[in-house]
Amino acid sequence: MLKFGGLAWLSLGVTNTDSLLYNDEFSKYLEDYRGNCRCNRALSKEDRNKNGAKMYVQDKIEEYSDENFKLLG
């Protein structure tokens, strides 16, 4: 296994769980690189945002906005 010291953070959005591409691969990355890899999934037909509406990828990004802005600084 390669050493990786950074953070890879993927935010993706699809309609439902059946539409997730490469889900097995991403799950393995999350397991193998615990602490260095994150994945936020927005499933618009399955999840709801804080206002009770459909969950979209921009809602997931907003949900973690404090952490995202710290990483940009």
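**Fold, exposure and salt bridges of the predicted chain**

D18 is exposed, with a relative accessible area of 75%; exposed stands for over 50%, buried for under 20% and partly exposed for values in between, with a 1.4 Å probe and protein chains only. The model is predicted, so local features need pLDDT of at least 70 and side-chain atom pairs count only at pLDDT 80 or more, while totals for chains, interfaces and linings use all residues. Residues are numbered from 1 along each chain as its sequence is written, and side-chain values use heavy atoms, with hydrogens and water left out.

D18 sits in the loop between β1 (8–14) and α1 (23–32). Its C-alpha atom is separated by 9.8 Å from that of L43, a residue 25 positions away along the chain. The protein chain as a whole contains three helices and two strands, in the order β-α-β-α-α from the N terminus. These elements are DSSP runs numbered from the N terminus (helices: H or I, at least four residues; strands: E, at least two).

The C-alpha atoms of the protein chain occupy a box of roughly 40 × 30 × 10 Å along the principal axes. Of the 73 residues in the protein chain, 18% are buried. The accessible surface amounts to about 5,700 Å², and carbon and sulfur atoms account for 51% of it; the areas come from the Shrake-Rupley method with a 1.4 Å probe, and for residues only the protein chains shown count as cover. Among contacts (heavy atoms within 4.5 Å) between residues at least 6 apart in sequence, 58% join residues at least 24 apart.

The UniProt record, in an unreviewed entry, lists residues 6–67 as "domain: Oxidoreductase FAD/NAD(P)-binding". Positions from that record follow the numbering used here, feature names are shortened, and annotations may be inferred rather than shown by experiment. In the model, the span 6–67 is 32% helix and 23% strand, and its end C-alpha atoms lie 15 Å apart.

The protein chain carries 11 positive and 12 negative side chains, and the centres of the two sets are 2 Å apart. In this count Lys and Arg are positive and Asp and Glu negative, with His and the chain ends not counted; each charge is placed at NZ of Lys, CZ of Arg, CG of Asp or CD of Glu. Side chains of opposite charge can pair when their charged atoms come close. With a salt bridge defined as a side-chain nitrogen of Lys or Arg within 4 Å of a carboxyl oxygen of Asp or Glu, the count is four.

One of these salt bridges joins K28 and D32, with the closest N and O atoms 2.7 Å apart. Both residues belong to helix α1 and are four residues apart, about one turn of the helix. K28 is partly exposed at 49% relative accessible area, and D32 is partly exposed at 27%.

A salt bridge also links E62 and K50 (3.5 Å, N to O). E62 lies in helix α2 and K50 in the loop between β2 (37–43) and α2, so the pair ties together parts twelve residues apart in sequence. E62 is partly exposed, at 45%, whereas K50 is exposed, at 70%.

K60, in helix α2 (residues 57–63), pairs with E63 in a salt bridge whose closest N and O atoms are 3.7 Å apart. K60 and E63 both lie in helix α2, three residues apart, about one turn of the helix. K60 is buried, with a relative accessible area of 14%, while E63 is partly exposed at 48%. Neighbours within four places in sequence aside, K60 is in contact with N40, R41, A42 and M55.
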